[in-house]
Amino acid sequence: MRLSNLGIKKAMAVNSNYQESPKSDLDSTPQSQEAEQALLGALLYDNEVYHRVSGIVKAKHFYNPIHVRIFDSIAVLIERGNLADAIVLKNRFSQDETLVDIGGVEYLALLLDNAPSSSAAPEYAKLIFDLAIRRELIRLGDEIKNEATNPDNEADAHKQIIKAEGQLYNLAELGGTQNGFIDFQKALIKSIEMASAAFTRDGHLSGTSTGFIDLDRQLGGMHRSDLIILAGRPSMGKTSLATNIAFNIAKKYKSEKDDNGIEKTSEGGIVGFFSLEMSSEQLATRLLSEHSQVPSHKIRRGDITVEQYEHMRDSADEISSLPLHIDDTGGISIGALSARARRLKRMIGLDMIVVDYLQLLTGGAGMNNSTNRVQEVSMITQGLKSLAKELDIPILALAQLSRQVEQREDKRPQLSDLRESGSIEQDADVVMFVYREEYYLARSEPSEGTEEHLKWQEDMEQLHGKAEIIIGKQRHGPIGTVKLSFNPDLTKFGNLAPDDRFSGGH
């Protein structure tokens with residue numbers, strides 16, 4: 001039967017059964033000789049096909065070793081600007097014993113003679129790629145099984161799981177959707193749709209509202225596919241602000257069905273919170289304190305009145321159904337985080353991720369002792385940015401600042417204060433810093449009764465309950481400073497009254 005008459009349906013049928021002849025031992029392996037032959041024939045017939053399939057399939061994805069070499073030879077010739085047809089390849093393979101075993105150079109002519117339509121080539125390429133990924137999955141499965149059953153393996157089960165997650169993550173990245181070039185008209189339509197949505201939405205935001213008026217005005221909301229870094233020194237309130245934003249987004253969550261009957265988020269969002277430093281109970285206590293207006297330190301100590309307890313109980317009932325999902329696994333790898341985020345997106349939905357905090361993530365099994373921390377952080381930030389694009393959601397990742405901030409007289413943070421700042425600054429779409437001058441001023445109290453102390457008291461009153469969000473980088477808009485209120489008892493940020501937004505400070 002001629003290959004050109006098999007068609008895509010035949011090739012897909014071969015794929016679904018993972019066999020071409022029940023008598024062959026290799027038929028239990030996911031592969032399709034006919035799909036490989038069809039693609040090679042199309043390439044030999046029309047070299048332009050290569051440019052349509054080279055982004056889908058590589059030589060290593062072919063199962064038959066001779067097909068690997070034929071495709072590789074075709075690729076080398078075409079990429080050098082040379083013609084790659086059966087006559088040219090004949091000279092390369094005239095003495096090839098493997099090719100002789102399957103028909104010699106006449107095999108190349110047979111491939112060319114049975115070439116399918118060029119338009120079908122990308123479908124064959126996708127099939128070959130899919131089968132290659134399936135074979136790799138089988139290989140990984142066997143490797144995981146062998147390591148788990150090997151009595152000489154010193155790695156405990158948890159380390160084996162982490163390694164397996166990393167390997168599966170790398171395979172998922174290899175098999176990720178590659179859009180390639182997008183027609184400018186389609187990109188322009190998406191841009192107009194985003195602008196239209198922003199124009200009709202309250203607050204004219206193109207992204208998801210953080211719940212803070214001035215911060216939304218500066219950022220335009222939190223945009224899909226953006227990696228947003230929120231950095232600060234300890235005790236500045238990074239976690240508090242991230243928790244407040246996550247809570248605000250989850251609290252406003254609304255959904256509606258589109259024209260196809262699929263549930264879509266219309267306002268707010270479903271939030272995934274990776275808390276690598278705090279437990280889920282500690283994070284829940286902060287949220288309960290914010291909503292109930294009962295100080296978190298009193299909740300922890302049980303130092304509350306009957307009225308406060310009842311108010312807390314009512315608040316807990318109100319927020320218990322919020323679409324906020326917490327993962328408090330410590331030392332999680334970027335691969336495991338990505339896998340869990342994908343699972344949450346697939347099973348429940350996901351509109352935003354918070355990572356607290358970035359430097360507590362690990363690179364995973366791909367890292368070794370010779371890998372320095374800068375390289376590892378670079379891998380982590382690139383992984384977070386890729387995940388934001390893949391899931392089409394904003395990711396808010398917290399980051400620690402280096403101690404050099406404390407050595408300056410003006411302790412307002414700068415981009416250079418980021419630990420391993422090169423990769424973080426490069427991969428982030430937005431970099432924000434939390435700064436509370438009140439925190440530093442409170443620790444420099446002069447002797448009582450002096451003029452300096454009176455001046456210090458005046459400054460403390462002016463700065464009390466105020467915080468600054470310094471936007472040090474923004475791809476989509478201007479940098480600048482946003483002022484917010486901060487209540488340390490409730491670990492809660494809020495909008496300042498209009499008169500306070502632009503008064504005082506620097």
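What follows is a friendly conversation about a predicted model, in which a colleague asks how its descriptions were reached.

Colleague: What share of the contacts between residues at least 6 apart in sequence join residues at least 24 apart?
Modeller: That share is 68%.

Colleague: Let's take single residues. Why is Asn47 called buried?
Modeller: Buried means under 20% relative accessible area, and Asn47 has 15%, so Asn47 counts as buried. You will find Asn47 in the loop between helix H2 (33–45) and helix H3 (49–53). Leaving aside residues up to four places away in sequence, Asn47 touches Ile78, Asn82, Leu83 and Ala84.

Colleague: And what makes Arg217 exposed?
Modeller: The cut-off for exposed is over 50%. Arg217 has a relative accessible area of 57%, so Arg217 is exposed. Arg217 belongs to helix H11 (residues 213–219).

Colleague: How do you know that the side chains of Arg217 and Asp214 are joined by a polar contact?
Modeller: A polar contact needs a pair of N or O atoms within 3.5 Å, and the contact joining these two side chains is 2.6 Å.

Colleague: Which way do helices H5 and H7 run, parallel or antiparallel?
Modeller: Helix H5 (residues 86–93) and helix H7 (residues 106–113) pack at about 155 degrees, and their axes are 9 Å apart. Angles over 145 degrees count as roughly antiparallel, so H5 is roughly antiparallel to H7. The crossing of H5 past H7 is right-handed. Ala86, Leu89 and Lys90 in H5 meet Leu108, Ala109 and Leu112 in H7.

Colleague: What about H16 and H17, parallel or antiparallel?
Modeller: Helix H16 (residues 334–347) packs with H17 at an angle of about 15 degrees, with axes 10 Å apart. Angles under 35 degrees count as roughly parallel, and therefore H16 and H17 are roughly parallel to each other. H16 passes H17 in a right-handed crossing. Residues making the contact include Leu337, Ala341 and Lys345 of H16 and Met379, Leu384 and Leu391 of H17.

Colleague: Which residues have the most contacts inside the largest nonpolar core?
Modeller: That core has 78 residues, and the ones with the most contacts inside it are Ile229, Ile353, Leu384, Leu396 and Met432. Helix H12 (residues 238–251) gives the most to this core, with seven residues. Apart from it lies another core, of 34 residues, including Tyr50, Ala75, Leu108 and Ala125.

Colleague: What does Met432 touch, not counting residues up to four places away in sequence?
Modeller: Among the residues that Met432 touches are Leu215, Leu219, Ile229, Leu396 and Ile470.

Colleague: What is the phi of Asp392?
Modeller: Asp392 has a positive phi of about 60 degrees, although it is not a glycine. Asp392 is in the loop between H17 and strand S7 (395–400). With 36% relative accessibility, Asp392 counts as partly exposed.

Colleague: How do you know whether the peptide bond from Asp356 to Tyr357 is cis or trans?
Modeller: Its omega is near 0 degrees, and the bond is cis. By way of background, most peptide bonds are trans. Tyr357 is found in the loop between strand S6 (352–356) and helix H17 (373–391).

Methods:
Residues numbered from 1 in each chain as written. Predicted model: local features only at pLDDT ≥ 70, side-chain atom pairs only at ≥ 80, totals over all residues. Heavy atoms only, no water. Helix = DSSP H or I, 4+ residues; strand = E, 2+ residues; numbered from the N terminus. Buried < 20%, exposed > 50% of the residue type's maximum accessible area, 1.4 Å probe, protein only. Contact = heavy atoms within 4.5 Å. Polar contact = N/O pair within 3.5 Å; in protein donor to acceptor, adjacent residues only side chain to side chain. Core = buried A, V, L, I, M, F, W, Y, C linked by side-chain atoms within 4.5 Å. Axes fitted to C-alpha atoms, helices over the stretch in contact; angles between N-to-C directions. Parallel < 35°, antiparallel > 145°, perpendicular 65-115°, else oblique. Left-handed = near helix turned anticlockwise from the far one by under 90°.
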